[in-house]
Amino acid sequence: MSEKRALEDANANVDQTKVLTASDCENHVKLEAGDAAQRAADQTQLDGHDALPPTRLYKRRWLMVLLFSSYSLCNSYQWIQYGIISNIFMKFYDVDAFTIDWMSMIYMLTYIPFIFPVAWLLEKKGLRVIALVATALNCAGTWIKVASARPNLFAVTFIGQFSCSLAQVFILGMPSRIASVWFGSEEVSTACSIGVFGNQLGIAIGFLVPPILVPNVEDMDELAHHIRTMFYITAGVATLLFILVVFVFQERPKLPPTQAQATARSIPPEQYSYTASILRLLRNRPFILLIITYGLNVGCFYAVGTLLNRMIIEHYPGEEVNAGRIGLTIVIAGMVGSLICGIWLDKTKTYKQTTLAVYFMSLVGMIVYAATLSLGHLWVVFITAGALGFFMTGYLPLGFEFAVELTYPESEGTSSGLLNCSAQVFGIIFTICQGKIIDSFGTLAGNIFLCVFLLIGTIMTGLIKSDLRRQNANQLVKEAVERQKLEQDYGATALISKPQTPPSQA
């Protein structure tokens, strides 16, 4: 209760928007819960009337999140650029479908072993170093691909894709960290959604652009020219973004956006134990359930995205461009869903209810998509795929924000890293299994396979205990501030109403 006592002693004239609130705690600092409260008390309880540290929101925060979204876009675009025209790359490099599937799955596989050292590096070195490494690896990968546009250089293009997949490890879990370091308490969910938005837009472009830039032609020299053109465009964009990050991207604002960030800055880095944080998270049962359910949902999305070309071509031969447009529809609808969900959470704070509803609708969308895929009407597939994407892709920021609620005050980089690691594991499993099922039994059986796991995920989401630690802390702080104001108002009233002793008469 030392944090509560410190807030009671804070100056009553401090601007209400500058007072520590738990929704300010979107940074969910690298703190041990008890130590954090004690340090906050030590800083504010000097003479009982010291103001809290100054905070400020900088306009530059929007530039930071947009720059992050841009290089996240460039990286995620490359995740699907091979898979969406898998039949063309199979012919060009003379490899089988499963090999091309690995050009997408390498993104998932690379993430699993590297996320933990990257999360540690984030805690030790900060956002700017992570951003520089991410854009440098992404830029290097794109130029390696430029050199691989020949039929006998599949190994080279795979190395380039591996470099880009390694860059993704430095990108995927950053939206919640950037939101908490730069944004105020009423903006964090929206800012996080904007960060996720860039990743989704990149996937959307990855569905749309490759089928347009690389048509299915028979002449190998012409095909090599089209592939090289696509690689050059990507490399040019990646290089520009790397230069912008070098000269524009900042570690953090001069003044923190919230009191929670101010407290976080006062904690010496050596007091943070990454291993202890991981162990605490693994003992958090609601969070463990969320890790599993998040992995099931996002893993299904990864499988659908990777195998979309194969599923569409099986029922609609020669429709590579429309396969890309369907993928675009899935992701664009998901981007709208993500932004709506982020704004909704900022307004209502109904984390479990919203997460459960969106998860259930993802299941419904997957069932409808599976049932209509083989009807022979592409316009129907566009509609059902869009509905699926609205909920399945819209779930991404919900999972991040719900995790931050359940794991407060642990670092959001660590919690989001564990969520993404689960998604990559399930993504690899689902992609391989669904691909084999499609080869043996057809697309309907493959999609039913995913529906079963989405049903399991929906049930497990309903079992998650809604332990909203951040919101509980917020309520305590609000009560402390209100009590402080009441006590001071009462003291002022008592002073005014105290009867005056008349002077003695001679």
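**Entry 1: ground rules**

I count a residue as buried under 20% relative accessible area, exposed over 50% and partly exposed in between, with a 1.4 Å probe and protein chains only. I started with Ser-163, which counts as buried at 10% relative accessibility. I'm working on a predicted model, where local features need pLDDT of at least 70, side-chain atom pairs count only at pLDDT 80 or more, and totals for chains, interfaces and linings use all residues. Residues are numbered from 1 along each chain as its sequence is written, and side-chain values use heavy atoms, with hydrogens and water left out.

**Entry 2: the whole chain**

I looked up the secondary structure and got 20 helices and zero strands. Helices (H or I, at least four residues) and strands (E, at least two) are DSSP runs, numbered from the N terminus. Of the 506 residues in the protein, 56% are buried. For contacts I use heavy atoms within 4.5 Å. Among contacts between residues at least 6 apart in sequence, 86% join residues at least 24 apart.

Leaving out residues up to four places away in sequence, Ser-163 touches Leu-137, Ala-140 and Gly-141.

Then I went to Ile-106, which sits in helix α5. Ile-106 has a relative accessible area of 7%, so I filed it as buried. What does Ile-106 touch, not counting residues up to four places away in sequence? I got Phe-158, Gln-161, Phe-162 and Ser-165. I also checked Ile-106 against Gln-424: they are 318 residues apart along the chain, yet their C-alpha atoms are separated by 9.6 Å.

**Entry 3: both ends of α5**

Helix α5 covers 97-125, and Lys-125 lies in that helix. Is Lys-125 buried or exposed? Lys-125 counts as exposed, because its relative accessibility is 53%.

Most residues other than glycine have a negative phi. Asp-94 is not a glycine, but I read a positive phi of about 55° there. Asp-94 counts as exposed, as its relative accessibility is 68%.

**Entry 4: one face of α12**

In helix α12 (residues 274-282) I noted Tyr-274, Ser-277, Ile-278 and Leu-281 as buried. Seen down the axis of α12, these buried residues fall within an arc of 100°, so they line one face of the helix. The arc is taken from the directions from the helix axis to the C-beta atoms. A reminder to myself: an α-helix has 3.6 residues a turn, so residues three or four places apart point the same way. What covers the buried residues of α12? The cover includes α5, α13 (285-315), α17 and α18 (412-441).

Angles under 35 degrees count as roughly parallel, over 145 as roughly antiparallel, 65 to 115 as roughly perpendicular and the rest as oblique. A crossing is left-handed if the near helix is turned anticlockwise from the far one by less than a right angle, and right-handed if clockwise.

Helix α15 (residues 351-372) packs with helix α19 (residues 443-462) at about 165°, their axes 9 Å apart. That makes α15 roughly antiparallel to α19, and their crossing is left-handed. Among the residues that meet there are Leu-356, Tyr-359 and Phe-360 in α15 and Leu-450, Cys-451 and Leu-454 in α19.

The axes of α15 and helix α16 (residues 378-392) come within 8 Å and cross at roughly 160°. So α15 is roughly antiparallel to α16, and I logged that crossing as left-handed. The residues in contact include Val-358, Met-361 and Gly-365 of α15 and Val-381, Leu-388 and Phe-391 of α16.

**Entry 5: α9 against α17**

How do helix α9 (residues 188-213) and helix α17 (residues 395-407) cross? I got roughly 135°, with the axes coming within 9 Å. The two helices are therefore oblique to each other, and α9 passes α17 in a right-handed crossing. The contact is made by Ser-189, Cys-192, Ser-193, Val-196 and Gln-200 of α9 and Leu-396, Pro-397, Phe-400 and Glu-401 of α17.

How values were computed:
Axes fitted to C-alpha atoms, helices over the stretch in contact; angles between N-to-C directions.
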